[in-house]
Structures are given as structure tokens and as C-alpha cells.
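Please keep the sequence and the structure in view while reading.

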Amino acid sequence: MTNSTTSAPHWSNRLAFIMAATGSAVGLGNIWKFPFITGEYGGGAFVMVYLVCIALIGIPLMMAEILIGRRGASSPSLSFKRVAEESGATGAWSFAGTFGVLASFLILTFYSVVGGWAIAYLWHAFQGAFDGSTVKTIGDLFSQLLASPVEMAGWHAAFMALSMGVVGFGVHSGIERAVTVLMPAMFVLLIILVIYAFTTGAAGASLDFLFTPNFSRLTTTGVLVALGHAFFTLSLGMSNMVAYGSYLPRHISITGASITVSILDTVVALMAGIAIFSVVFAHGMQPSMGPGLVFKTLPLAFGNMTGGYLIGIAFFFMLVFAAWSSAISLSEAVVARLIAVYRIPRPKAALLTGLVAWAVGLLSVLSFNKLANFKLIPGKNIFDSLDFLTTNIMLPMTGLMVALFVGWIMKKEYSRDELEAGPTLHKLWITCVRYITPILVLVVFAYNLYTSLLPKS
Ligand code: TRP
């Protein structure tokens with residue numbers, strides 16, 4: 001049933017799919033979030049737990065999402081429905097897809113706000129705004145951005161326009177064309193940054209920090225953050241890989257592609273970490289600076305080092321490219337659904353998605369200034385609430401549904417056929433999605449709910 005609809009778009013070749021999926025996976029999560037959570041939760045020890053999560057949960061779930069998409073060959077929700085019905089189960093499983101699409105939309109609303117910051121900082125970098133900066137001037141630069149809803153909404157609009165501009169053109173002339181430029185460019189920039197780190201920064205200290213395990217600093221929260229991040233960084237749980245999988249031609253191996261994408265994603269996160277921490281340590285700064293790492297610590301370093309002007313530009317170009325290709329996949333899940341359900345033309349669907357996501361995103365923009373005191377979830381402003389709701393609640397929930405679905409509902413023959421895996425590999429995969437993933441996900445989920453609902457003392 002896979003390639004039955006000839007009008008449905010398909011990736012031109014394996015490389016195109018790998019780039020699109022890697023573009024989805026590699027994003028703010030790798031460059032903005034990974035370094036600061038690693039800094040917070042004990043460097044090497046955290047990295048080790050994270051790598052185990054990628055291997056035991058990330059890769060099996062990515063395979064699961066892609067195979068649902070390819071077998072269902074439709075928008076995320078319809079793909080779930082078709083695959084469920086084919087195995088004699090209820091079509092109500094489409095809920096898992098719908099839920100993922102909704103979550104994608106919500107992530108898109110605030111992800112593009114941070115994407116907007118990245119463009120704003122690229123602009124600052126070009127203008128030499130970091131030159132000779134001090135802790136105070138760099139801090140002011142960031143607070144000024146956060147304090148101005150109009151400025152932030154403008155950058156947010158620019159970022160949204162970039163993503164919708166690509167998605168509106170379709171899988172071939174839009175997404176594929178964009179990622180085949182963005183991804184190689186991003187890799188080249190990253191390699192330049194790492195070389196720079198090795199020649200002038202404190203690369204030794206950085207490697208030491210990232211790879212020497214210090215278990216005394218790894219808390220339970222750290223383990224759970226690692227697990228949650230494994231989901232986020234691989235774009236899992238939001239039907240993004242279901243949507244991309246639905247354009248995957250049959251002759252391409254899902255297993256091979258999933259492993260390749262996961263490795264690339266991990267390599268980028270580690271390389272970004274090496275580059276960022278080298279710069280940080282070379283300037284005698286502290287590694288755990290929280291979310292300000294990329295928007296405060298690094299600009300400060302760029303403004304006070306030789307070659308910092310160009311390195312700053314390279315860095316923020318890389319950040320924009322990474323965020324852009326991820327936003328494209330978040331948008332595609334939503335757009336594919338609009339096209340399938342309401343039968344509207346793609347450009348219109350993209351425009352609509354962009355406008356509504358931008359408008360909803362204004363709430364996140366305002367949560368840094370006018371609505372700063374408005375708490376959606378106790379103790380969290382709108383931006384933090386949306387991040388928490390999607391990353392820590394919706395994402396593990398859909399992840400759990402996906403694992404249970406392919407592990408227990410979908411007929412084994414079908415998944416074996418789709419994965420084209422030998423008996424041992426298939427068995428290994430089934431064991432992961434049946435037992436290991438659901439149990440681990442439930443543990444994180446329960447813990448997150450428990451800590452968030454507990455009144456803060
Ligand atoms: N993986 C991307 C990142 O690391 C973000 C992203 C894109 C995402 N699509 C997703 C996260 C779907 C969760 C689910 O920045």
C-alpha cells in the first residue's frame with residue numbers, strides 16, 4: 001500500500017531524506033540547549049546517559065515513526081489510522097498523529113521566537129555589536145531584545161516567513177532544495193568553529209569537560225533531562241518523522257537512515273559543545289550559564305577575541321540555519337495535515353499555518369515583557385509553560401503511544417517487512433519498543449508530573 005498514490009511527493013534519493021531528517025533533528029536543541037544542560041548536569045556523566053538514551057530510545061522510536069509514515073503514506077494522523085486498520089485495530093489511533101501535529105504547532109509557536117533571536121543576533125554580529133563588550137553591555141543587549149515586544153515580534157515574523165517560504169514550495173522544490181544547501185553549509189560552519197576552537201580556544205579543557213564523567217554531579221533530574229532531550233533533539237513524538245517518512249521511497253532502509261540521522265545529530269551536538277565550551281573556557285568563564293550561554297556568554301567572548309567578528313557571524317549563521325531546517329519540519333507536519341484534511345493548496349496551507357503560529361507565538365513574545373507576570377502553569381510564564389507542556393508532557397505521551405502502537409498493535413510481519421530487518425535486529429527493536437522505551441518514558445513522565453505539581457517549597 002506504500003507507494004500507491006503516485007501524486008504523493010517523494011524524496012529524490014537517500015541523501016535528500018537524510019538531509020531533511022538531519023535538518024529536522026539538528027536545531028536549537030543541539031546548539032542552544034545541549035551545551036547548557038550538559039554544563040548544568042555534570043559534563044561527561046550527563047553525556048554518557050544521553051548517549052545511552054539516544055541508542056535505547058531515540059533510534060528505535062525514530063525507526064518507528066518513519067515506518068508508520070512510510071506504511072501509511074499520508075499525513076501523520078491518516079498514516080496512523082491506515083496502519084492501525086491494516087493490523088485490525090481501531091482507526092482511533094489516528095489520535096496519536098493528531099496529537100503530534102497539535103504539539104508540532106505549539107512547539108513551532110515558541111521555537112520561532114528563539115529562531116527570531118538567532119536572526120537578531122546574526123544582525124548584531126554583522127553590525128559588530130559585540131565588539132569590546134563587557135558583561136554589562138552584553139547583558140543589556142539581550143534584556144533590551146526581551147523587553148521590546150515589537151522588535152521581537154518582527155524577528156519572529158522574519159523567522160516564520162523563512163520557514164513557510166520553504167514549506168509552501170513543497171517537498172521537492174521547497175524542503176529538499178533548502179536542506180541540501182542549509183545542511184552542508186551548517187556543517188562547514190561548524191567545522192570552521194571547531195578548528196578555531198582547537199587552534200585558539202581551550203579545546204583541551206572543553207574535551208575534558210564533555211567527556212570526563214563526573215558522576216557526583218549527575219542528579220536524578222539530570223538523567224531525566226537527558227531522556228527528555230533525546231526525544232527533543234531527534235524530533236520525536238511530534239509526528240515530524242511520520243510526515244517525513246511518508247515521503248520515503250521503499251528502497252531506502254529505514255534502519256540505516258535512522259542510525260545515520262541519530263549519529264549525525266549527536267556528532268553536531270558534541271561538536272557544537274566542543275566549540276562553545278572551548279570559547280567559554282578560554283575566557284575563564286563558567287560552563288553552567290543556563291539558557292544565556294549562547295546569547296550572552298558567547299557574544300561576550302566573540303566581542304573580545306581575535307577574529308571574533310567573523311567567528312560570531314559564522315556562529316549565528318549556523319544557529320539560524322539549524323533552527324530554520326527544524327522549523328521546516330515542525331511546519332510540514334501541520335501543513336501536511338491541513339492539505340490532507342481540508343484539501344487546500346499547499347501554499348495556502350503554509351500561509352495559514354505561518355500566520356496562526358505567528359499570532360499564537362505573540363503570547364510567547366509578550367511573556368518576556370508585558371505578560372511576564374502571567375503564569376499559565378504555576379511558576380512559569382507562557383513561553384516556559386508551552387515549552388514544558390510540549391517537551392515534558394505531550395512529547396513523552398506521543399512517544400509512548402508510538403512505542404506501544406508499533407510494539408503491540410501493529411502486526412509484527414508488517415514492521416519486519418517495513419524495516420527489512422533480519423530476525424535478530426527485528427527482535428532487538430521489538431524488545432526496545434515493547435518494553436524498554438515505554439517503561440523509561442513512563443518513569444520520566446511520572447517524575448516530571450510529580451515534580452511540577454509539587455508545590456515549590
Ligand atoms: N529537533 C529539533 C532541535 O533539536 C527541534 C524539533 C524539530 C523538534 N521538530 C521537532 C522537537 C519535533 C520535538 C519534536 O532543535
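A cavity is defined on a 1 Å grid over the protein atoms alone, as a set of points where a 1.4 Å probe fits but cannot get out. A molecule sits in a cavity if more than half of its atoms lie within 2 Å of its grid points. By this rule, the ligand sits in the largest cavity. The model is a predicted one, in which local features need pLDDT of at least 70 and side-chain atom pairs count only at pLDDT 80 or more, while totals for chains, interfaces and linings use all residues. Residues are numbered from 1 along each chain as its sequence is written, and side-chain values use heavy atoms, with hydrogens and water left out.

The structure holds three cavities of 30 Å³ or more, where a volume is the space filled by probe spheres set on the points, and grid points are joined across faces, edges and corners. The largest cavity contains about 150 Å³ of space. It is lined by 18 residues, of which S24, Y111, F232, S235 and L330 are the closest to its centre; a lining residue has an atom within 4 Å of a point.

What surrounds the ligand itself? Its shell consists of 18 residues, and the closest are G29, Y111, F232, M238 and N240; a residue belongs to this shell if one of its heavy atoms lies within 4 Å of the ligand. The shell comprises nine nonpolar, nine polar and no charged residues. Here Ala, Val, Leu, Ile, Met, Phe, Trp, Tyr, Cys and Pro count as nonpolar, Asp, Glu, Lys and Arg as charged, and the others, Gly among them, as polar.

A side-chain N or O atom of Y111 is 2.7 Å from an oxygen atom of the ligand, and a backbone N or O atom of L28 lies 3.1 Å from a ligand oxygen atom. A polar backbone atom of T233 is 3.2 Å from a nitrogen atom of the ligand.

The second largest cavity has a volume of about 70 Å³. Its lining has nine nonpolar, no polar and no charged residues, among them L193, Y196 and F315. Helix α12 (254-282) gives the largest share of this lining, three residues.

Definitions and conventions. A polar contact is a pair of N or O atoms within 3.5 Å; within protein, one must be able to donate a hydrogen and the other to accept it, and residues adjacent in sequence count only if both atoms are side-chain atoms. On a 1 Å grid over the protein atoms alone, a cavity is a set of points where a 1.4 Å probe fits but cannot get out, and a pocket is an open set with protein on both sides within 12 Å along at least five of seven lines; lining residues have an atom within 4 Å of a point. Helices (H or I, at least four residues) and strands (E, at least two) are DSSP runs, numbered from the N terminus.
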